[in-house]
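Open the model in your viewer and keep the selection panel to hand. The stops below run from the whole chain down to single side chains.

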Amino acid sequence: MMAFVLIALIAGAASALMFASIISGALISLVLFYLAPLPLMVAAIGWGPLCASLGGIAAAIGLGALFGLPYCIAFAVTVALPAWWLGHLVLLSRPVGQAAPDAVAPAEPELEWYPVGRILLWLAGFATLTTMAALLTLGTDADTIIGTLRRGLMRMLRAADPQSSGEAGQFVDALVRIAPAGATIIAMMTLTLNLWLSAKITATSGRLRRPWPDMKTAELPPMTLVALCVALAFCFTGGLLAIAAQIAAAALMMSYALTGFAVLHTLTLALKSRTFWLGSTYAVVVVFGWPVIAMVILGLADAMFGFRERFLRSRQPPPLPTP
């Protein structure tokens, strides 16, 4: 029990230090800030969600005592809560099938683990929550939030270039309009990276109780497409509701982008130069960014037309002729 509590406190302290490092203003602190959920996620997946919850509560209390209540709330919402809940979902399972009353129960019943696609949907939800919570610290209405973002960006631009002209103001206005969606994409990708890294770390250490899932089969629930259409429709309403809808739509589109990569991994199974094409695709997306739109389109197309299912069905051997 003492070792369990010690691991929880160490994980919480590491996450808290990485989260608070942003105060220093150093460039490396930005990387540490985005990786702050990693220690708690490792604790959640390797030692259980209770370990992450203990470490998260202790870390939030410590940050609140040192830096004030806003840091405590921010850490709890953006780091501790996602780490605890996502770790819980990774370990969530249920027995498959029902044994007959007179049948001998197997020593280790087959388990069905929580689907990767639904975990992606939770990642999108947490990215939406954290981004919206961050924007609400700037104001409670759309005009205040946009105005605060614009003043902050103009201040940064003038500090870098005091001779900035009116064209710079137009650039800032355009940047402010896409800033909520951009922040959501960053939050979505960093949460996904943290969860993947934590699962890899626990798998390497032998503490991952769940078999490593086949990422090529990841797919979002069918109603996700309906939710995306609704979010896109509300993007044109205006006001705070439109900002929230833009954030939700960006998170859902990134979920489809990740499933698009899963589709790409499936459709390239028959290629001899598969490693080259996959590596080139990842490199282009990482370097330029905007080609991720192609992955979003591929993920959406697979959700509507079932490309992966058709491809895998075509690769199956034909049935043997009946005698």
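**The whole chain**

Among contacts between residues at least 6 apart in sequence, 71% join residues at least 24 apart; contact means heavy atoms within 4.5 Å. This is a predicted model: local features need pLDDT of at least 70, side-chain atom pairs count only at pLDDT 80 or more, and totals for chains, interfaces and linings use all residues. Residues are numbered from 1 along each chain as its sequence is written, and side-chain values use heavy atoms, with hydrogens and water left out.

Switch to cartoon. The protein has 13 helices and two strands. These are DSSP runs, numbered from the N terminus: H or I of at least four residues for helices, E of at least two for strands. The C-alpha trace spans about 85 × 50 × 40 Å along its principal axes. Colour by burial next. Of the 323 residues, 37% are buried. Buried means under 20% relative accessible area, exposed over 50%, and partly exposed in between (1.4 Å probe, protein chains only).

**Stop 1: helix H4**

Select residues 49-67. H4 has 19 residues and reaches 26 Å from its first C-alpha to its last, close to the 27 Å expected at 1.5 Å a residue. The expected span is 1.5 Å times one less than the number of residues.

Which residues of H4 are buried? Show Pro-49, Cys-51, Ala-52, Gly-55, Gly-56, Ala-59, Ala-60 and Leu-63. They sit on the same side of H4 because they cover an arc of only 150 degrees around the axis. That arc is taken from the directions from the helix axis to the C-beta atoms. An α-helix has 3.6 residues a turn, so residues three or four places apart point the same way.

Just after H4, pick Gly-68, with a positive phi of about 110 degrees.

**Stop 2: Ser-21**

Move to the loop between H1 and H2 (27-34), where Ser-21 is found. Ser-21 counts as buried because its relative accessibility is 14%. Leaving out residues up to four places away in sequence, Ser-21 touches Ser-29, Leu-32 and Phe-33.

**Stop 3: the largest pocket**

The largest pocket has a volume of about 1300 Å³. Its lining counts 39 residues, with Met-189, Thr-192, Leu-193, Trp-196 and Leu-258 nearest the centre. H2, H6 (116-136), H8 (166-205), H10 (239-267) and H11 each give two or more residues to this lining. H8 gives the most, with ten.

**Stop 4: Arg-274**

Select Arg-274, in helix H11 (residues 274-288). Arg-274 counts as partly exposed because its relative accessibility is 21%. What does the side chain of Arg-274 reach? It reaches the backbone oxygen of His-265, at 2.8 Å. Beyond residues up to four places away in sequence, Arg-274 touches Lys-216, His-265, Thr-268 and Leu-269.

**Stop 5: helix H12**

Finish with residues 292-305. H12 has 14 residues. Its buried residues include Val-292, Met-295, Leu-298 and Asp-302. Just after H12, Gly-306 takes a positive phi of about 65 degrees.

Terms used. A polar contact is a pair of N or O atoms within 3.5 Å; within protein, one must be able to donate a hydrogen and the other to accept it, and residues adjacent in sequence count only if both atoms are side-chain atoms. On a 1 Å grid over the protein atoms alone, a cavity is a set of points where a 1.4 Å probe fits but cannot get out, and a pocket is an open set with protein on both sides within 12 Å along at least five of seven lines; lining residues have an atom within 4 Å of a point. Grid points are joined across faces, edges and corners, and a volume is the space filled by probe spheres set on the points.
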